[in-house]
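Colleague: I would like to go through this model with you before I set up any calculations. Could we take it topic by topic?

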Amino acid sequence: MSRRESANSLVDSPKIRALIWTYFLLLIAEGTLRKWLLPSLSDPLLLVRDPFLLLIYVLAIGRGVFPTNSYVVALTIIGVIAVAAGMTVGSHDPIVTAYGFDALFFHLPLIFVIPRVMNRGHILKLGRALLLLTLPMSVLMVIQFRSDPSAWINCGAGGGVGSQMAGALGKIRPPGFFTFITGAAQFLQLATAFLIFGLWRRGLYSHLLLMSAGMAVAISAVVSTSRLALGGIGTVLVMVGVVIAYDRKSITKLFGVLVPIGVVLVVATNLDIFHEGRQVFEARLKDAGDSGAGLAGTASNWTARVFGDFSGGLMAVPNAPVLGAGLGVGTNVGARKLSGMYGFLLAEGEWARVVLEIGPFLGVPYLIIRVMLCGMMFSRSARAARVGNALPMLLFGSSALLILCGQFSQVSTLGFAVMGAGMCLASVNAGRIDGKGSDSTYGKMEEVKSLKTGIAPYASKLRRGNSVEAD
């Protein structure tokens, strides 16, 4: 990756930042639009973020911040070949091929645009919005949980009744704002990252917001009856230990995180809705065969599902056509367009789907790029953790598995993967935005807690390797 594309090179572009906010808000609102407000336009709304993403890229090219690093160059080459293969030896369907390109390639450069125009202060503002949204999200999920599966509030994309995933005991897995539970689960794990960081570094968010958001996340997680939500939140919590491993002094902040969480759990576990949700969750675990193994068994099952995706991809390599069945064939959109049925024509797991869609010669390098991207995110997050900035590592925990093996054919998964990864890289930046695009991160630094205070001591501490949060 060239130094010019380094996440340390910040450029002032309010227009691009506003469009990134629009992309983020549409990610949250996509399910609301497709289920309730514009159900007749459910299919076109799958691409509701794309026009704004295209405009981001146009403006980014104009400002010289569109990434031309090795990741984007490699993805472009693989994408162009995959499109050509899809139209010649694959499905021959331009709509299916275009949707496949959108899912696997089109959104990924945004990961590198975000840290070119946003710093940690901007990311914390996104985090505040996310924490505020946990409150109506929790209320909506409770209403959905307690409503009949055939109720209007539990409709699916296009206003279809009875299309939500079943939980247990006659309850659905409530998706909240989103089309399906996967979006809700990813929303909760990203919100958890900001919740933990807000507790970790006091003064960023109000105590009222943090305690309210903590209660909302706890209630939403239990009524979701989703192991995906539980596993995602657990992954973020594990990152707290990783941060402490890189910055031993930060262990003093652990008490300030655990006590509020303990208070939230004590209050939440005494609510009727929590007991209802736990009862349904336990019934679902029993149906899935996890109940006897307890929390450790559930975590083991969740881990096995994740690693099963990797092994499924490897097993698909010898069985896949050289250039694959065609870009987009393995998506739900491809299945409906080509066969008239919902489902997966190739494979449900992301790695197997990629290999079967675009073949091993393109699919394996594409998956390696996603693995390398995760490695780069962890490396930068670890460097930030060493100097006391825990936020990148927490955001890494919320997005790494989505980048690694998330089903990009699902629009919410793709959106949270891209936003989470971009925010992870941008939260490393604590510098003043430079309108000329110079590499000024180690020049004048501004305190995140107050952008009016001029020059902060962050840079000098960063050079000495001390914790920036030891003040």
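Modeller: The discussion below covers the fold, the core, the aromatic pairs and a few individual residues.

Colleague: First, what kind of model is it, and how many helices and strands are in the chain?

Modeller: The model is predicted. The chain contains 18 helices and zero strands.

Colleague: What percentage of the residues is buried?

Modeller: Of the 471 residues in the chain, 59% are buried. Among contacts with a separation of 6 or more, 78% are between residues 24 or more positions apart.

Colleague: How many residues are in the largest nonpolar core, and which have the most contacts inside it?

Modeller: The largest nonpolar core has 128 residues, and L110, I123, F194 and Y366 have the most contacts inside it. Helix α7 (residues 181–200) supplies the largest share of this core, with 14 residues. As general background, nonpolar side chains in soluble globular proteins tend to be buried together.

Colleague: Which residues is F194 in contact with, leaving aside its neighbours within four places in sequence?

Modeller: With those neighbours set aside, F194 is in contact with I123, G127, L130, L131, Y205, L391, L395 and M423.

Colleague: Turning to the rings, how many aromatic pairs does the structure hold?

Modeller: There are 11 aromatic pairs in the structure. One of them is Y57 with F66: the ring centres are 5.2 Å apart and the planes are at 80 degrees, so this pair is edge-to-face.

Colleague: Why does that count as edge-to-face?

Modeller: The angle between the planes of Y57 and F66 is 80 degrees, and pairs over 60 degrees are classed as edge-to-face.

Colleague: What about Y246 and F378?

Modeller: Y246 and F378 also form an edge-to-face aromatic pair, with 6.2 Å centre to centre and 65 degrees between the planes. Y246 belongs to helix α9 (residues 227–246) and F378 to helix α15 (residues 360–386), so the pair ties together parts that are 132 residues apart in sequence. Y246 is partly exposed at 29% relative accessible area, and F378 is partly exposed at 28%.

Colleague: Which arginines lie over the face of a ring?

Modeller: R49 lies over the face of Y23, at 4.9 Å from the ring centre. Likewise, R370 lies over the face of F408, at 3.7 Å from the ring centre.

Colleague: Back to α9: what span should it have, and how far apart are its end C-alpha atoms?

Modeller: At 1.5 Å a residue, the 20 residues of α9 should span 28 Å; the end C-alpha atoms are 29 Å apart, which agrees. The buried residues of α9 include R227, G231, I233, V236, M239 and V243.

Colleague: What happens at the start of α9?

Modeller: There, a side-chain oxygen of S226 comes to within 3.2 Å of the backbone nitrogen of L228. T225 lies in the loop between α8 (207–224) and α9. T225 has a positive phi of about 50 degrees although it is not a glycine, and its relative accessible area of 0% makes it buried.

Colleague: Where is H92, and what is its phi?

Modeller: H92 lies in the loop between α3 (70–88) and α4 (94–106). Its phi is positive, about 65 degrees, although H92 is not a glycine. H92 is partly exposed, with a relative accessible area of 47%. For context, most residues other than glycine have a negative phi.

Colleague: Next, where is H122, and is it buried or exposed?

Modeller: H122 is in helix α6 (residues 120–146), and it is buried at a relative accessible area of 17%. The side chains of H122 and N119 are joined by a polar contact of 3.0 Å. The C-alpha atoms of H122 and A426 are separated by 8.6 Å, while the two residues are 304 residues apart along the chain.

Colleague: Last one: where does N429 lie, and which backbone oxygen lies 3.3 Å from its side chain?

Modeller: N429 lies in the loop between α17 (411–426) and α18 (458–464). The backbone oxygen of M118 is 3.3 Å from a polar atom of the N429 side chain. N429 counts as buried, at 0% relative accessibility.

Note on methods:
Residues are numbered from 1 along each chain as its sequence is written. This is a predicted model: local features need pLDDT of at least 70, side-chain atom pairs count only at pLDDT 80 or more; totals for chains, interfaces and linings use all residues. Side-chain values use heavy atoms; hydrogens and water are left out. Rings of Phe, Tyr and Trp (its six-membered ring) pair if their centres lie within 6.5 Å; planes under 30 degrees apart count as stacked, over 60 as edge-to-face and the rest as tilted. Helices (H or I, at least four residues) and strands (E, at least two) are DSSP runs, numbered from the N terminus. Buried means under 20% relative accessible area, exposed over 50%, partly exposed in between (1.4 Å probe, protein chains only). A charge sits over a ring if NZ of Lys or CZ of Arg is within 6 Å of the ring centre and within 35 degrees of the ring normal. The expected span of a helix is 1.5 Å times one less than its number of residues. A polar contact is a pair of N or O atoms within 3.5 Å; within protein, one must be able to donate a hydrogen and the other to accept it, and residues adjacent in sequence count only if both atoms are side-chain atoms. A nonpolar core is a set of buried Ala, Val, Leu, Ile, Met, Phe, Trp, Tyr and Cys residues joined through side-chain atoms within 4.5 Å. Contact means heavy atoms within 4.5 Å.
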